[in-house]
Amino acid sequence: MYGWIWRHLPGNVYVRALISLVLVVGVVFLLFQYVFPWAEPLMPFNDVTVDGAAGRATGIAATVAGGTA
Amino acid sequence: MALRVVVRSLSELCITVGILIVLFVVHLLYWTGLRADSAADDEIARLQKQWSSGPVGGGPDDGEPGGTGAGPDGTPQHGRPQAEGGTGAPGRSTAGTGYRSGSSFAVMYIPRFGRGWSRPVLENTRATTLRKGLGHYSRTAGLGQRGNFAVAGHRRTYGDPFKDFPTLRPGDRVYVTDGDTWYTYTLTRRPYRTLPSDTGVLDSVPAPVNKAATPFDRPGRYLTLTTCDPEWGSSHRLIAWARLDATRPASEGKPDALQD
């Protein structure tokens, strides 16, 4: 996969390295900005409220007393 | 040849997954803390600007500016809180505090968590709200009102606001200000460990499942703090209760214990 990407990048070694760096930074940004905040409430250390069945039914607490850890 | 491709692809996949996990841990341990700290600072700065620029509006009871808490309509008198039935309007619902959902309306200080420990209190307990600070359970009483002012906070991640929750002890003070009044709450017992379904802990007279843990036997002005337990788990909750001990006008400055 990484070899395939490298072969399909244009330019000489330096240009390719630079583009790779930009790609890596972009992917990390997308992860931190969108993917991880989405995945994080699915983890167990994120329920701090007492909410009874309502919260658990919706996955992440939302109703009477939704919440986090 | 084909085998080489399979092995290489598998290895790359494993490395990618490993990097993803490491990045996720960095995100949780480090990044959420940075974001939460800056969000909390922003909220506190915004509140202080708002408080210094004019009379506080939008509080639970004082719709009219200048109603500095001495009104007969449920805001506590400064000084010692009144005895039962003193200032509380009879039949006042504990809901409908008038706080704007998702907005901060107060700042909490808990010296037990460290001298500089302060966090904004925001309305509602949604996940997005708790990323910025502590969340007030919308259906519970407002700050300083009769009933139970209940607040949830993260134990871990997002700045670890309630990391040291188990170190709370009876007699510990919790100071909360809404820019108008300083409220001093005093903890009555060690944190109580319970199940997430134990919603009675938020009642205006808290009624935990474990009757032996019942902190108060009559209506009053109470504070409830909740967080998760164990630190990284969600199987249980830790609850701390406090009662309102004293109030003082914000114009008289910080409580002595918070002076630098």
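Two residues are in contact when they have heavy atoms within 4.5 Å of each other. Keep that in mind as you explore this predicted model.

**First stop: B:Met108.** Select B:Met108 and show its surroundings. Leaving aside residues up to four places away in sequence, B:Met108 touches B:Trp117, B:Ser118, B:Arg119, B:Val121, B:Leu134, B:Val151, B:Val174, B:Tyr175, B:Val176, B:Leu223 and B:Leu225.

**Second stop: the core around it.** Together with B:Met108, they have the most contacts inside the largest nonpolar core, which has 26 residues. To see where this core comes from, color strands S1 (104-109), S4 (147-152), S5 (173-177), S6 (181-187), S8 (221-229) and S9 (236-249) of chain B, each of which supplies at least two of its residues. Which strand gives the largest share of this core? It is S9(B), with 4 residues.

**Last stop: the largest pocket.** Move to A:Tyr2, A:Ile5, A:Leu23, A:Val24 and A:Val27, the lining residues that lie nearest the centre of the largest pocket. This pocket has a volume of about 440 Å³, and 15 residues line it. Show helices H1 (2-8) and H2 (13-39) of chain A and helix H1 (2-52) of chain B: these are the elements that give two or more residues to the lining. H2(A) provides the largest share, 6 residues. Color the lining by class, and you will find 13 nonpolar residues, 2 polar ones and no charged ones.

Key:
Residues numbered from 1 in each chain as written. Chains lettered and ligands numbered in written order. Predicted model: local features only at pLDDT ≥ 70, side-chain atom pairs only at ≥ 80, totals over all residues. Heavy atoms only, no water. 1 Å grid on protein atoms, 1.4 Å probe; cavity = no way out; pocket = protein on both sides within 12 Å on 5 of 7 lines; lining within 4 Å. Points joined across faces, edges and corners; volume = space filled by probe spheres on them. Nonpolar A, V, L, I, M, F, W, Y, C, P; charged D, E, K, R; others polar. Core = buried A, V, L, I, M, F, W, Y, C linked by side-chain atoms within 4.5 Å. Buried < 20%, exposed > 50% of the residue type's maximum accessible area, 1.4 Å probe, protein only.
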